Amino acid sequence: MSVISYKCPNCGGPLYFDPEKQSFFCEYCSSGFDEETLAAMAKKKEEETEEEARADAEKEASSDEILMFNCPSCGAEIVTEATTAATICYYCQNPVVLAGRLTEEFRPDKVLPFTIDREEALRRFLEWAGNKRYVPKGFFNAKDVEKLNGVYYPHWVADYEVSAHFEGNGQLVHSYRAGNYQITQTKHFHVSRDGEFRFNDIIRPALSKMDRKLADGVQPFDMSQAKEFSTAYLSGFMAEKRDVDSQTVRPDVEMEVNNYADNMIRSDVTYHRLTGDTATDVKKADFEYVLFPTWVFTYKGRGGKLYHYAMNGQTGEICGKLPISGGKLWRDSGILAAAIAVLICIGGWFFA
């Protein structure tokens, strides 16, 4: 498998993307490089490896057994999953991009760079867990974080332009009393409406093995911060390539778009009741393949039980299931029950 490894021009050490400074740095000589410099370097490296990468991609497509590559720094052979597009050598900790898995149709259109670094991610995670009321005391601490990885996950981002036509019946109901009679008057109207809608940034995971609950739980992402894709942004992080194409997610996206259009075209009517049907027509649909930044935590709890969490690498939004302390829950339930009992007794004495 052909690989790309970004080296410092000054000392030859590995380069990493710094989320806080939004630039690239070398941890050996402390040199820093801006986006423009690394983008030029990335383009040159990608061109140099393009033919080799294409050949590797063809080989891999024809065989699910090719899951190994050699680290360009130490030569170690590392096994990866078929969807891994960037990783870190377990032996020398060198960041590596697997170029053959990001060619042609598997090359992302855009990437959302991390804005939260590793230390900040860990701090926010421990603070988030520690502020939850019913989490067992002392359950979360830094030493029990088994794994903390920055991972770029593949997503499809869709923009739709849709026209909609509603045809139906509206009713206005008015009730009043006349003498001994209660009169209900119902007026019927034929309703016909047309609308043009645009929906932006509808997101669907492009990796079949993703935990959908965790992936959806850390949204939204700010697509205005997306950059044109460059492999340089992956340096120092892990990344997955997509294994779900846009045609697979399209029916689900269009169902959501149709529901939005239907709700919106009915939303501001003044009838007491509205019945009818909405016909929608897709005028334009654009899908972009985008890599989203996510910090992934694996936490070992009591008894060795593993908990999994995800954090939005842009906003810090966290999703995951927390353990509950039965003692705290029963204590607060007892206090609440006692308070209610006291109030009942006071109320009974007062009205006796």
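Which residue lies over the face of Tyr289? It's Arg242, at 5.5 Å from the ring centre. The views below take it from there.

**View 1. The whole predicted chain, for orientation.** This is a predicted model, where local features need pLDDT of at least 70 and side-chain atom pairs count only at pLDDT 80 or more, while totals for chains, interfaces and linings use all residues. Residues are numbered from 1 along each chain as its sequence is written, and side-chain values use heavy atoms, with hydrogens and water left out. The protein has 5 helices and 16 strands (DSSP runs numbered from the N terminus: H or I of at least four residues for helices, E of at least two for strands). Of its 352 residues, 41% count as buried (under 20% relative accessible area with a 1.4 Å probe, protein chains only; exposed is over 50%, partly exposed in between).

**View 2. Two charges sitting over rings.** Lys241 lies over the face of Phe106, at 4.4 Å from the ring centre. The rule here asks for NZ of Lys or CZ of Arg within 6 Å of the ring centre and within 35 degrees of the ring normal.

**View 3. An edge-to-face pair across the chain.** Tyr160 and Phe287 sit 6.0 Å apart centre to centre, with 80° between the planes. Rings of Phe, Tyr and Trp (its six-membered ring) pair if their centres lie within 6.5 Å; planes under 30 degrees apart are stacked, over 60 edge-to-face, and the rest tilted. Tyr160 belongs to strand E10 (residues 145-178) and Phe287 to strand E14 (residues 273-300), so to speak distant parts of the chain, 127 residues apart. Both residues are buried.

**View 4. A cluster of rings.** Phe114, Tyr152, Phe237 and Trp295 are linked into a cluster by ring pairs. The protein's count of aromatic pairs comes to 20.

View 5. Strand E3 (residues 23-26) is joined to E4 by 2 bridges, and Phe24 stands opposite Phe33 in E4.

View 6. Average pLDDT (the predictor's confidence in each residue, from 0 to 100) is 79 for the protein, and 75% of the residues score at least 70. Over residues 61-66 the pLDDT is below 50. Residues 325-339 stay under 50 too. Where pLDDT is low, the predicted coordinates should not be read in detail.

Methods
Two strands pair if DSSP finds at least two bridges between them. Contact means heavy atoms within 4.5 Å.
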